[in-house]
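Please read this briefing alongside the sequence and the model, taking each topic in turn.

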Amino acid sequence: MMANSSAEELLSSLPREEGITSAYSYQYQGFWYAPRSLPGLIDCQNQFQARENDIFLVTAPKSGTTWLKAVLYALMNREACHPQDPAHPLLKQNPHQLVPFLEILKPTEYDSVSNSSDKSSSRIFGSHIPTASLPKSIIKESKIVYLCRDIKDTFVSLFHFTSHRSSPISLENAFNLFCRGVSISGPIWDHILGYWKESVERPDKVLFMRYEEMTDEPHAQLRRLAHFIGKPFSQEEENSGLLDQIIKLCSFDGLSKLEVNKTGNWISNVRNDSFFRSGVVGDWKNYLTAEMASKLDQITEEKFHGSGLYM
Ligand code: A3P
């Protein structure tokens, strides 16, 4: 594990800016991070060894990570634990406890992750790490599910995630930092593009998903995901209503009303309930001016131009 003195030395050598969710952000390998996540990122770059059956859910923060962690967990464990089981782990634990972020784990914890009842002993991890910094063995060995979300909604969700910051930040200030790429794992456009390109080049290894499609057509997206992870739904499962049951278990209403998600903290000053705000597509209209929205759209158009990716 990275020693505190080496972490401090590293931070002092990196470009620094005001952060949106923390007092400062540091730029490492072209992307911005809160200081507390950098040592874990460097540890996993040096020490994590992916296995062929591992599954990684990668997102830019506030793209729906919590939701898809729950869905992946329910899908992978559906044989051992039926979504209607009153003792289902998702009813008692926050999705981030069941599916940990790789970069938050200590190296001694990597091998103890055991969150899938699958015979192949797959492990499921979450991560916000961009392609360029992801441990090489993950790219080589594992399957990656990437989830993105309308960038305006992602920004608004991120802005609301700053309540654990010691001093508040204004919407305008956060917006300017975000547009300049200074957000956790940002620039968000480069984060999305990195995985988009991987998904085009290696569709068997990288699945590109969208929050809005999960909302609009949950059954089709669930089938797509189940097929990608090598566990397609059988006709019997389809007929038994299993898809509806997984969708209900992992729905915003289903998860946000649970005691475990209404109370307590996930880590230090981050409350479990801060992962469940409104879960509404297009909520940006309630916060951004027309100028702000068009500025974000314009950056998105310029950045994605020629990539085949539209948002
Ligand atoms: P809003 O702030 O727009 O409500 P992440 O999990 O990546 O941190 O993203 C959090 C966003 O996903 C929040 O968006 C949150 O409300 C939403 N979310 C959490 N659980 C969800 C669910 N089960 N279904 C849909 N959206 C969900």
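This is a predicted model: local features need pLDDT of at least 70, side-chain atom pairs count only at pLDDT 80 or more; totals for chains, interfaces and linings use all residues.

Cys250 counts as buried, its relative accessibility being 1%.

**Cysteines**

- The structure holds 0 disulfides, and Cys250 accordingly takes part in none, the nearest cysteine sulfur being that of Cys81, 11 Å away.
- Seen from the other residue, the cysteine sulfur closest to that of Cys81 belongs to Cys250, and the 11 Å between them is too far for a bond, because a disulfide requires the two sulfur atoms to lie within 2.5 Å.
- Cys81 is also buried, with a relative accessible area of 11%, a value that falls under the 20% cut-off for that class.

**Helix 7 against helix 8**

- Helix 7, which spans residues 151-160, and helix 8, which spans residues 171-179, have axes that come within 11 Å and cross at roughly 130°.
- That crossing makes helix 7 oblique to helix 8, and the crossing in which helix 7 passes helix 8 is right-handed.
- On the helix 7 side the contact involves Ile151, Phe155, Leu158 and Phe159, which meet Leu171, Ala174, Phe175 and Phe178 of helix 8.
- Divided by class, the residues of this contact between helix 7 and helix 8 are 8 nonpolar, with no polar and no charged residues.

**Helix 7 against helix 16**

- Helix 7 also packs with helix 16 (residues 290-304), at an angle of about 125° and with the two axes 10 Å apart, and helix 7 and helix 16 are therefore oblique to each other.
- Ile151, Lys152 and Phe155 of helix 7 make this contact with Ala293, Leu296, Asp297, Thr300 and Phe304 of helix 16.
- By class, the contact of helix 7 with helix 16 has 5 nonpolar residues, 1 polar residue and 2 charged residues.

- Where is Ser183 found? Ser183 is in the loop between helix 8 and helix 9, the latter covering residues 188-201.
- Ser183 is buried, with a relative accessible area of 4%.
- Leaving aside residues up to four places away in sequence, Ser183 touches Ile20, Trp32, Leu158 and Phe178; among these, Leu158 of helix 7 and Phe178 of helix 8 also belong to the contact between those two helices.

Definitions and conventions. Residues are numbered from 1 along each chain as its sequence is written. Side-chain values use heavy atoms; hydrogens and water are left out. Axes are lines fitted to C-alpha atoms, for helices over the stretch in contact, and angles run from 0 to 180 degrees between N-to-C directions. Helices (H or I, at least four residues) and strands (E, at least two) are DSSP runs, numbered from the N terminus. Angles under 35 degrees count as roughly parallel, over 145 as roughly antiparallel, 65 to 115 as roughly perpendicular and the rest as oblique. A crossing is left-handed if the near helix is turned anticlockwise from the far one by less than a right angle, and right-handed if clockwise. Contact means heavy atoms within 4.5 Å. Ala, Val, Leu, Ile, Met, Phe, Trp, Tyr, Cys and Pro count as nonpolar, Asp, Glu, Lys and Arg as charged, and the others, Gly among them, as polar. Buried means under 20% relative accessible area, exposed over 50%, partly exposed in between (1.4 Å probe, protein chains only).
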